[in-house]
Amino acid sequence: MVSAPIKSAQSAKVISNAALKTQTVNLTVLGAGAWGSALAALASRNQHNVSVWSRRSELSLADAVKGADVILSAISMKGVAELANRLNTEVAVPESAIIVTATKGLDPATTRTPSQIFTETFPTHPVVVLSGPNLSKEIEKGLPAATVVASTDEAAATQVQTLFASDSFRIYTSPDPLGAELGGTLKNVIAIAVGVCDGLNLGTNAKAALMTRAMPEVIRIGTHLGGQTETFFGLSGLGDMLATCTSVLSRNYRVGYGLAVGKKLEQILAELGSTAEGVNTANVLIEIANREEIPVPISRQVHRLLNGKITPQEAVEALMERDLKPEVCDLF
Ligand SMILES: NC(=O)c1ccc[n+]([C@@H]2O[C@H](COP(=O)([O-])OP(=O)(O)OC[C@H]3O[C@@H](n4cnc5c(N)ncnc54)[C@H](O)[C@@H]3O)[C@@H](O)[C@H]2O)c1
Ligand SMILES: O=P(O)(O)OC[C@H](O)CO
């Protein structure tokens, strides 16, 4: 069992990091990619018992989750639904285990978020979203970073906060899992657009305009899907948008940059050798936007570009030639 170190969120505000250290937690990390490995290392440094499972590891999924207090999934979106189903049907997930999801994506088959998938599959377990401006390569180096753990179960969020928090990894709790998750997911499509902007050498003014105009777009679709407006202005929203859109470490940014300098998508993805969720997210997002009639002009151009319907230059022209209008008119 995970100990319950915090009596309430109110008391957590005044307790120092040192006082937040808990009893040892049994953490199982599912996914041994860049993010799963970085999160496993953070928990190990906090002296917790960490086991890491991946589909290629010798450890079976059943053995990996046996006795787990916390199960954290950090696999690519394409595997989340299948993994949730395997956890539900093939193995015995401990009754009291907290499930944490750190994936930033949307399920292509159902358009659900990972937290929605885990909540529907495990209705009696607390589900926590971990999301923020977290480029794993910087975190691996021990550079300072902050993130958000969001859940409707406040005690579970606080326990996950304590599990990973350190002097170099500052964690805030939030009661809005969908908002935190969608901020981190939708910005990947915008990071592709900003990569295009930089690849075409369009300048700082254009980049600032793109990121700023992306905010109402993300908020419009994010709130429609159930997130709270204010969450999109926090670390998991604006914060992650800034990190991902301004760093060459971002794989999504590099997808856009590569397209702008004339590379084919397949070549870019092969060179990356790891997950760029924005490509799948753009497809699912446009499916949702079309179905629900939600305007997403930037994401739509990214979608057209990724699917070979337009060139990077044509995408820029399409955005610049839209009808003129007042700035603050279309948040919802
Ligand atoms: N790397 C980062 O900086 C970072 C930061 C925050 C969030 N994320 C998110 O975390 C998720 C994983 O990213 P990553 O950087 O670790 O990617 P990665 O490509 O390095 O690793 C992906 C992992 O998912 C596993 N996987 C893929 N398909 C699977 C399937 N069908 N079944 C089981 N496992 C499967 C792979 O084996 C691998 O272990 C993504 O949603 C990403 O957006 C990444
Ligand atoms: O490398 P990216 O583009 O997947 O970005 C990683 C994280 O989402 C940044 O917070």
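The dialogue below sets computed values against the criteria that give them their names.

Student: What kind of model is this?

Tutor: This is a predicted model. The domain assignment divides the protein into domain 1 (9-175) and domain 2 (179-320), and their centres, taken over C-alpha atoms, are separated by 25 Å.

Student: How do you know that domain 1 and domain 2 are in contact?

Tutor: Two residues are in contact if their C-beta atoms lie within 7 Å. The contact involves 25 residues from domain 1 and 28 residues from domain 2. On the side of domain 1 that touches domain 2, helix H5 (114-121) and the strands S5 (127-131), S6 (145-150) and S7 (169-174) each supply at least two residues.

Student: Which residues does the annotation for the N-terminal domain cover?

Tutor: An unreviewed UniProt entry carries the annotation "domain: Glycerol-3-phosphate dehydrogenase NAD-dependent N-terminal" for residues 27-58 and 60-156. Residues 27-58 are 38% helix and 28% strand, while residues 60-156 are 32% helix and 20% strand.

Student: What makes a residue part of the shell around ligand 1, and which come nearest?

Tutor: The criterion is a C-beta atom within 6 Å of the molecule. The residues around ligand 1 number 26, and Gly33, Trp35, Gly79, Ser136 and Ser274 come nearest. Helix H2 (34-45) and helix H4 (80-89) each supply at least two residues of this shell, and H2 gives the largest share, 3 residues. The shell comprises 9 nonpolar, 12 polar and 5 charged residues.

Student: How do you know that the shell around ligand 1 draws on each domain?

Tutor: At least three of its residues come from each of domain 1 and domain 2. The shell around ligand 2 likewise draws at least three residues from each of domain 1 and domain 2.

Student: Which residues come nearest to ligand 2?

Tutor: Of the 14 residues around ligand 2, the nearest are Asn134, Thr244, Ser250, Arg251 and Asn252. Helix H8 (177-199), helix H10 (235-245) and helix H11 (251-260) each give two or more residues to this shell. Its classes are 4 nonpolar, 6 polar and 4 charged.

Student: Why is helix H14 called mostly covered?

Tutor: A residue is buried if 20 or more other C-beta atoms lie within 10 Å of its own. In H14 (residues 297-306), 8 of its 10 residues are buried. These are Ile298, Ser299, Arg300, Gln301, Val302, His303, Leu305 and Leu306. Among the elements that cover the buried residues are H8, H11, helix H9 (204-224), helix H12 (265-272), helix H13 (278-292) and helix H15 (312-320).

Student: Is Glu293 buried or exposed, and where does it lie?

Tutor: Glu293 has 6 C-beta neighbours inside 10 Å and therefore counts as exposed. Glu293 is placed in the loop between H13 and H14.

Definitions and conventions. Residues numbered from 1 in each chain as written. Chains lettered and ligands numbered in written order. Predicted model: local features only at pLDDT ≥ 70, side-chain atom pairs only at ≥ 80, totals over all residues. UniProt positions renumbered as here; feature names shortened; annotations may be inferred. Helix = DSSP H or I, 4+ residues; strand = E, 2+ residues; numbered from the N terminus. Nonpolar A, V, L, I, M, F, W, Y, C, P; charged D, E, K, R; others polar. Domains from an automatic or database assignment. Buried ≥ 20, exposed ≤ 12 C-beta atoms within 10 Å, placed from the backbone.
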